[in-house]
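Hi,

Here is the structure I promised to pass on. Have a look at it first, and then read my notes below.

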Amino acid sequence: MEYVKLGSTGLEVSRVCLGCMSYGTPGEGNWPWSLDEDASRPFFRRAIEAGINFFDTANVYSLGRSEEITGRALKDFARRDEIVLATKVHSRMRSGPNGAGLSRKVIMHEIDASLRRLGTDYVDLFQIHRWDETTPIEETLEALHDVVKAGKARYIGASSMYAWQFTKALFISERHGWTRFATMQNHYNLLYREEEREMLPLCADQGIGVIPWSPLARGRLTRDWDATTTRAESDPFARAFYQDDDRLIVEEVARIADERGVSRAQVALAWVSRNPVVAAPIVGATKPGHLDDALASLELTLTDDEAARLEAPYRPRPVTGIQVPQRRRL
């Protein structure tokens, strides 16, 4: 396994991050394709045996069940000081006031709840899952800074948002001397490249480690365009994020995979990883081959010509996957 620094920090992470969204209880705040605890444990064991030290979850995944499963598996299969454990806060965990968002109250409550579920006294990376336009960003950033100073998180990160929002947050943190975001977890793959316009150049300039979610476009890049799966049929985001002319990109992935004698997933992941600002794509695994493909992709180096072929059919599209600000009346 190859390890890299996470952005401009001194933290070393594997070039692949195991995403734990699919580990939980099917139908209970999670997706129909989720794996229960017994079914998920072999994936943690395999990842650790392969040298993966980076694991990402969130409080909202299966309403905390993912964190519980992740915490127990890592306690059984790994040493705490050898792994990098990440979780997130923002989404609604309970009904009523203060059940979601990025206020000081929510952040302080949710970090403690996440630590209890994970069975640890700190996380390595505590991320805001989305932007909260109902809370002043100053309040959020100071609370996150206090979480770090209390020893409950080593680093903080952000997820999908506009580049102007991320720039504002970085500026405010520096102005106040608060802990700065070290990472950006954003939507980036061959079917969604709008992040190349602003966010990725910003991260490269500011030394931010990029850990993309959905690098395989929710599996669309790994199968024939018309093929169906349980996830494809039940995931509303998959239908909203991608469009019909993406078929041309999917077909090019298949052609290059056939020419190379590798899987389509390896080609798609190798393309994401070849971007120098990407530290580690976050890969979900619900079948043994998923992890094998992710690991094998690290050994695949695409040529510039192959990359150009994969990129040529792409067409600009609306921004998706972020918390869209509401228009305010003037």
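**What I found**

Glu 37 is buried, with a relative accessible area of 15%. Before I say more about that residue, keep in mind that this is a predicted model.

So who does Glu 37 pair up with? Glu 37 forms a salt bridge with Arg 65, and the closest N and O atoms are 3.4 Å apart. Glu 37 sits in helix α1 (residues 37-49) and Arg 65 in helix α2 (residues 65-77), so this pair ties together parts that are 28 residues apart in sequence. Arg 65 counts as partly exposed because its relative accessibility is 26%, and the cut-off for buried is under 20%.

How many salt bridges does a search of the whole structure find? The search comes up with 25. Here are two more to look at.

- Glu 2 and Arg 15: their side chains meet in a salt bridge, at 3.8 Å from N to O. Glu 2 is in the segment before β1 (3-5), while Arg 15 is in the loop between β2 (12-14) and β3 (17-19), so the pair links distant parts of the chain, 13 residues apart. Glu 2 counts as partly exposed at 46% relative accessibility, whereas Arg 15 counts as buried at 12%.

- Glu 252 and Arg 255: these side chains also meet in a salt bridge, at 2.8 Å from N to O. Both residues lie in helix α9 (residues 247-260), and they are three residues apart, which is about one turn of the helix. Glu 252 is buried, with a relative accessible area of 10%, but Arg 255 counts as partly exposed at 41%.Now for the inside of the protein. In soluble globular proteins, nonpolar side chains tend to be buried together. The largest nonpolar core here has 87 residues, and those touching the most other members are Tyr 23, Phe 44, Phe 55, Phe 126, Phe 166, Phe 181 and Leu 221. Helix α10 (residues 264-273) gives the most to this core, with seven residues.

Leaving aside residues up to four places away in sequence, Phe 181 touches Ile 128, Leu 141, Leu 144, Ile 156, Gly 157, Ala 158, Phe 166, Ala 169, Leu 170 and Ile 208. There is also a second, separate core of 13 residues, including Leu 6, Leu 11, Ala 86 and Ala 279.

Finally, zoom out to the whole chain. The secondary structure comes to 12 helices and 10 strands. Along its principal axes, the C-alpha trace spans about 55 × 50 × 40 Å. Why does the radius of gyration agree with a compact globule? With 330 residues, such a globule would have a value near 20 Å, and the chain has 19 Å.

Buried residues make up 57% of the 330 residues. Of the contacts between residues at least 6 apart in sequence, 78% join residues at least 24 apart. As for the surface, the chain exposes about 14,500 Å², and carbon and sulfur atoms supply 49% of it.

Happy exploring!

Methods:
Residues are numbered from 1 along each chain as its sequence is written. This is a predicted model: local features need pLDDT of at least 70, side-chain atom pairs count only at pLDDT 80 or more; totals for chains, interfaces and linings use all residues. Side-chain values use heavy atoms; hydrogens and water are left out. A nonpolar core is a set of buried Ala, Val, Leu, Ile, Met, Phe, Trp, Tyr and Cys residues joined through side-chain atoms within 4.5 Å. Buried means under 20% relative accessible area, exposed over 50%, partly exposed in between (1.4 Å probe, protein chains only). Helices (H or I, at least four residues) and strands (E, at least two) are DSSP runs, numbered from the N terminus. Contact means heavy atoms within 4.5 Å. A salt bridge is a side-chain nitrogen of Lys or Arg within 4 Å of a carboxyl oxygen of Asp or Glu. The radius of gyration is taken over C-alpha atoms; the globule rule is 2.2 Å times the number of residues to the power 0.38. Accessible areas come from the Shrake-Rupley method with a 1.4 Å probe; for residues, only the protein chains shown count as cover.
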